[in-house]
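The following note sets out comments on the model shown below.

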Amino acid sequence: MTPPSPSQRGDTAAIQWQRCHPAAVRGALEALGDVGRAPSGGFRRFAWTREDHDLREWFDGEAGARGLDLVTDRAGNRWAWWGDPDADGPGVVTGSHLDSVPDGGAYDGPLGVVSAFHALDALRADGFVPARPLGIACFGDEEGARFGVACAGSRLLTGALSAGRAAALVDGDGTAMGEAVARAGHAPLRPDPEALRRVGVFVELHVEQGRGLVDLGRPVAVGTAIHPHGRWRIDLAGRADHAGTTALADRDDPVLALARVVLAARAAAERHDALATCGKVRVEPNGVNAIPARVTAWLDARGADAERVRAVVAEVAALAPVVEESWTDRTPFDPGLAARLAALLDGAPLLATGAGHDAGVLAAAGVPTGMLYVRNPTGVSHSPDEHAPDADCAAGVDALVTVLRELAG
Ligand code: GLV
Ligand code: MN
Ligand code: MN
């Protein structure tokens, strides 16, 4: 990811030296494209797998090529430092994550990491010398796609997720996170207050995951808050039997209970102006000619305030037992920092989001935190169709350069 030369970019004015080439970010994302590519065209990049290892190697290679100091914290997150935060005080950190949801898009996470390296290149090419250490973070297991708890790396870092609970989380094959981490050659994960103290301020750049920027006519927005959200597990027991010989009246079919739960969640979400999704279902034993013995489903519920989310979950809980697997209250980003970033970026619009981020976990832990969102013309995300135009990605890098120059200058 050597920055394009001025002649490649056609720039002449020195002030434009740091501008990102429109195709540069896509080129870097494409370089990651073989890792975990699924037949759908999306990506399966889950925590503590071979793919995760390969992505970490990529991160290490990019950091190493730039002479950055690499550190893995006790919670399994990777950090690349320009400068020494232990000697020179807490640094300015940017970055994001490289893991994905099942069949996720190319931008959710990687855009923030790739943009961070590009921004650092641009700052250096411009002769910038940071007055504070500058760090690039690659958080582990942001999506929680394998073990169920989103932002597991940053939650472990801050202590919001305990070492014991993390180690005991199991994936769909019954492998515990503790075991997967050990197999990957990492020491047992635990909170790392020392690593957290190195972060003086954190700004995460991320693809926008809705259409919030489309009508505003701007490529980049500044985050204000993350809406409350959580995940609940619903266990529905039935009685396994033969599909061709069991009379309807004699059946105890847990899929019927699931259907009621899904419809109730949808109706409750409509009533309370919230969001409810049952995107993951496990049917056992999953035979076409067998009445299932049990169903496990997961409810993801979100909304503008906690009350409406809780109201949706309460309505579902009236039908079936629900177990809360994670909960994140409304998380505001530092309002002073958000205003400062918006002013720096020519009055960039302010946006709240329903998507969770490591930035929210750091903000909740008291780190001054902000976010930059890059326009997503369709709003589609967590899908192979997720997309951000080259020019907007480049505008995101330019915005990050401006922000880092100000915060670390
Ligand atoms: C993370 O992308 C989430 O909000 O689920
Ligand atoms: Mn995501
Ligand atoms: Mn993300």
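In which strand is Thr-369 found? The points below begin with that residue and then turn to the ligands.

1. Basis of the note. This is a predicted model, in which local features need pLDDT of at least 70 and side-chain atom pairs count only at pLDDT 80 or more, while totals for chains, interfaces and linings use all residues. Residues are numbered from 1 along each chain as its sequence is written, chains are lettered from A and ligands numbered from 1 in the order in which they are written, and side-chain values use heavy atoms, with hydrogens and water left out.

2. Thr-369. Thr-369 belongs to strand S15 (residues 369-374); strands (E, at least two residues) and helices (H or I, at least four) are DSSP runs numbered from the N terminus. Thr-369 has a relative accessible area of 0% and is therefore buried, where buried means under 20% relative accessible area, exposed over 50% and partly exposed in between (1.4 Å probe, protein chains only). The side chain of Thr-369 reaches the backbone oxygen of Val-367 at 2.7 Å. Leaving aside neighbours within four places in sequence, Thr-369 is in contact (heavy atoms within 4.5 Å) with residues including Phe-202, Phe-333, Asp-334 and Leu-337.

3. Donors are N, O and S atoms within 2.8 Å of the metal (3.2 Å for Na, K and Ca); water is not among the atoms, so sites may look incomplete. Distant parts of the chain are linked by the pair Asp-108, in the loop between strand S3 (91-97) and helix H5 (110-125), and His-206, in strand S5 (residues 199-207), which are 98 residues apart. Asp-108 and His-206 are both buried.

4. Manganese ion (ligand 2). Asp-108 is buried at 5% relative accessible area, and Glu-143 counts as buried at 7%.

5. The bridge. Asp-108 bridges the manganese ions ligand 2 and ligand 3, which lie 3.6 Å apart.

6. Ligand 1. Around this ligand (a heavy atom within 4 Å) are Glu-143, Arg-302, Ala-355, Gly-356 and His-382. Oxygen atoms of ligand 1 lie 2.7 Å from a side-chain N or O atom of Arg-302, 2.7 Å from a backbone N or O atom of Gly-356 and 3.0 Å from a side-chain N or O atom of His-382. Of the 200 Å² of accessible area that ligand 1 has on its own, the protein covers 94%; such areas come from the Shrake-Rupley method with a 1.4 Å probe.

7. Pro-285. This residue sits in the loop between strand S9 (275-284) and strand S10 (290-291). Is Pro-285 buried or exposed? At 60% relative accessibility, Pro-285 counts as exposed. Not counting residues up to four places away in sequence, Pro-285 touches Pro-292 and Ala-293. Pro-285 and Ala-399 are 114 residues apart in sequence and 51 Å apart in space, C-alpha to C-alpha.

Methods
A polar contact is a pair of N or O atoms within 3.5 Å; within protein, one must be able to donate a hydrogen and the other to accept it, and residues adjacent in sequence count only if both atoms are side-chain atoms.
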